[in-house]
Amino acid sequence: MNRTPALRIADLVKRYRTGEEALKGVSLAVAPGEIVGVIGPSGAGKSTLIRCINRLVEPTSGRVFLGDLELTALSGRALRRARRRIGMIFQEFALVERLTVMENVLSGRLGYVSFWQSFTRRFPPADIERAFALLERVGLIEHADKRADALSGGQRQRVGIARALAQEPDLLLIDEPTAALDPKTARQIMRLICEICRERRLPAIINIHDVVLAQQFVERIVGLRAGTIVFDGPIEALDDAALTRIYGEEDWTTVRQRAAAGRAWALDAERLEGFAE
Amino acid sequence: MPLARPGDRRSWRHRTPRARLLLWFGWLALVALTVFAWEVMNRDTIWAFVADAPRQAADIGARMVPPRWSYLNELVWPLWETITIATLGTLLAVLLAVPIAFCAARTTTPSFVLIRPLALLVIVGSRSINSLIWGLLLVVVVGPGILAGILAIALRSIGFIGKLLYEAIEEIDLAPVEAVTATGASRLQILDYAIVPQVLPTLVGISVFRWDINIRESTVLGLVGAGGIGLKLEASLNMLAWPQVTTILIVILATVLVSEWVSARIRHAII
Amino acid sequence: MTADGRRSWRRPPLIADRRLRWLIYGGGLIYLVLALATLEVNWLRAWEGLGRGWAFVQSFLRPDFASRGPDILNGIIESLTMTVTATVAGMLVSVPIGIGAARNLVARPIYLLCRGIVALARALPEVIVAIFFVAMFGFGPFAGFLTLTFNTIGFVAKLLAEAIENVEHAQVEAIRATGASWAQLLNYAIQPQVMPRLIGLGLYRLDINFRESAVIGIVGAGGIGATLETALDRYEYDTAAAILLVIVGIVTLAESVSSHLRRWVQ
């Protein structure tokens with residue numbers, strides 16, 4: 001098996017112009033096919049971390065490698081070529097609302113086609129075919145020509161997933177994919193994302209604030225607090241002590257019990273609904 | 001249709017053929033209309049004059065510098081007049097526009113049959129005629145001078161303030177109105193306690209905004225004899241005293257910029 | 001509490017600081033007195049004017065479209081053609097300048113240049129711009145066309161730039177993350193978000209340009225304004241009333257059509 005990690009982050013620091021230090025030397029390696037859940041309180045630097053990887057946010061120092069390629073050394077066209085290898089899924093979906101579902105999915109191909117092709121919406125047939133296949137995979141084929149703002153939250157996130165996959169990425173960056181969704185839809189979306197990642201052996205970093213949801217779907221957890229990694233290990237190692245290190249003092253036993261009760265109820269509701277269909 | 005399947009591969013078109021045809025037709029119509037309008041407009045254009053324009057521009061430009069700074073002394077009083085026209089005109093307009101707006105707003109109008117259409121008519125009439133044209137008319141009626149200017153500014157501003165205000169009144173939160181009505185308040189009391197507090201900041205904002213526009217408009221009212229610094233501009237242009245024109249333009253620009261700044265500051269303070 | 005043990009209440013004043021309050025009220029009052037003193041009204045002249053004013057109001061009841069019919073028609077056609085051509089030309093120039101004047105899209109020097117053009121186009125009252133274009137290009141609608149185009153640029157480019165600066169950042173970020181180029185970003189993330197606004201601005205400007213075209217004729221830049229001034233100079237109130245009615249009619253029509261279209265676009 002290939003020994004090079006799919007993604008390697010070395011000593012990443014991000015200081016914003018306001019002086020706020022969002023990342024204070026973060027190092028992390030993601031193996032091929034590995035799904036990493038990043039948890040931590042809001043403001044811990046989760047968003048900044050994944051945006052520093054595809055350089056939507058410019059890191060202050062440190063290095064990021066995608067396979068053997070050093071992302072932090074790129075600029076201009078080379079950076080855009082690297083970006084198309086990294087798919088990104090967003091918190092509030094970030095679809096271009098006035099474009100159709102199909103155009104949104106095809107926008108995942110922008111890094112591969114000329115401006116003229118994208119301007120006239122004449123994408124190569126293979127791209128079109130792939131887009132249709134992805135829409136089938138996420139279950140939205142009949143919505144292809146609807147405008148994105150006509151869809152429900154869960155459907156929009158499915159379009160977001162299809163757009164990211166249209167890039168044929170080597171890595172997925174996923175920023176709070178379920179924050180804007182109801183609990184049941186959140187679970188469905190997480191399941192879909194993780195299934196697809198496993199099908200394609202696609203490594204992924206998922207920022208997620210819902211610990212319980214993370215525990216259900218992810219095998220490895222990274223805990224971020226105030227810009228520093230305070231926990232990195234398999235899901236089983238995430239005990240109360242670790243959670244306290246990440247989130248601070250809290251009665252974790254009760255939180256978990258309550259969450260477990262909630263989960264049982266949600267699963268039940270899901271089952272009932274599945275039965276009704 | 002977008003979801004056609006020619007052979008094995010699925011094809012996708014951004015627009016249906018019909019939509020594409022309509023789009024092209026729309027663009028074609030726009031181009032045709034523009035070309036036609038251009039042709040009609042330029043029937044009597046003397047292209048020799050147009051070709052001569054760069055030379056003319058250079059000529060005027062050369063005559064305009066340096067500005068005649070000593071002329072500034074003579075501009076102080078006209079400038080005061082200009083500001084007075086704008087300010088008093090705006091005040092008068094606010095006084096007249098407030099009752100008209102309340103008559104025009106669906107939520108507060110006393111009568112839908114007679115008063116609301118009348119109020120809307122006043123607003124439309126006032127809005128569609130520029131203050132310079134009002135000035136032209138009023139100079140004939142009340143004679144040249146700043147009274148004509150003030151009235152011109154006021155007549156033009158009634159429509160502007162009235163329209164924005166009545167739209168604001170129609171968009172207020174109805175829950176407080178309901179609550180105050182439920183206390184047994186009279187119509188005027190409802191106005192005072194539930195409606196006015198909601199629209200007052202808007203009214204101040206609109207008035208200050210209009211005042212800023214009015215400063216700009218009152219600088220040119222003098223061109224038709226309605227007082228202010230525009231009179232000096234007209235006189236200087238007629239005498240071809242270009243250095244004076246430059247001085248006046250600088251003063252106008254400075255006034256406009258300052259009034260814009262003041263109005264932005266006040267509106268910022270309200271919000 | 002007051003001496004008799006009952007509590008009293010007064011509405012708190014709008015401006016809390018007592019000195020600032022008196023300064024503003026006092027200053028306002030003094031200004032008002034001074035401004036009113038500036039008003040040297042010749043009451044005799046105004047009294048005479050009332051008669052003329054009444055005559056003018058009456059002429060609205062019997063507007064005379066016929067005796068200067070060809071002049072009115074000519075003026076309206078000039079105004080309309082100026083409006084159409086200037087709006088189209090102005091929009092064409094406004095789009096690149098508006099993009100350049102959006103802080104989030106272009107490099108600093110281009111931004112400053114485009115902002116400068118916009119500021120220049122907005123600073124001068126349109127009548128003054130018209131005076132200069134007439135002086136350069138001669139009398140007639142061509143100078144008017146240039147004036148309206150110039151003002152359209154200041155208006156549309158500024159508002160377009162603001163619309164671009166206020167687009168939803170998440171959508172831009174998402175398209176950027178796919179590896180899109182600058183032009184693709186513009187086409188996929190910005191254009192869908194600002195297009196309705198741009199079309200709305202164009203329609204709105206069409207409406208404004210017609211109004212303006214009625215004014216700049218006064219300084220010789222063609223259009224219905226020139227016809228109106230001639231009528232007033234000749235004291236032909238009936239004709240002037242007819243012209244004003246035509247202006248109000250077209251403006252009202254244009255406004256309602258443009259507002260309907262804008263609502264339909266959104």
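Predicted model: local features only at pLDDT ≥ 70, side-chain atom pairs only at ≥ 80, totals over all residues.

Visitor: What kind of aromatic pair do B:W38 and C:F145 form?
Guide: The two ring centres are 5.1 Å apart, and the angle between the planes is 80°. Planes over 60 degrees apart count as edge-to-face. The pair of B:W38 and C:F145 is therefore edge-to-face.

Visitor: Which helix of chain C does this pair reach from B:W38?
Guide: B:W38 lies in helix α1 (residues 17–41) of chain B, and the pair crosses between chains. Its partner, C:F145, belongs to chain C, in helix α6 (residues 141–165).

Visitor: Is C:F145 buried or exposed?
Guide: Buried means under 20% relative accessible area. C:F145 has 8%, so C:F145 is buried.

Visitor: How many residues apart in sequence are the parts tied together by C:F133 and C:F150?
Guide: C:F133 and C:F150 form an edge-to-face pair, 6.3 Å centre to centre. C:F133 lies in helix α5 (residues 126–137) of chain C, and C:F150 lies in helix α6 of chain C. The pair therefore ties together parts whose separation in sequence is 17 residues.

Visitor: Is C:F150 buried or partly exposed?
Guide: Buried means under 20% relative accessible area, and exposed means over 50%. The value for C:F150 is 24%, so C:F150 counts as partly exposed.

Terms used
Residues numbered from 1 in each chain as written. Chains lettered and ligands numbered in written order. Heavy atoms only, no water. Phe/Tyr/Trp six-rings, centres within 6.5 Å; stacked < 30°, edge-to-face > 60°. Helix = DSSP H or I, 4+ residues; strand = E, 2+ residues; numbered from the N terminus. Buried < 20%, exposed > 50% of the residue type's maximum accessible area, 1.4 Å probe, protein only.
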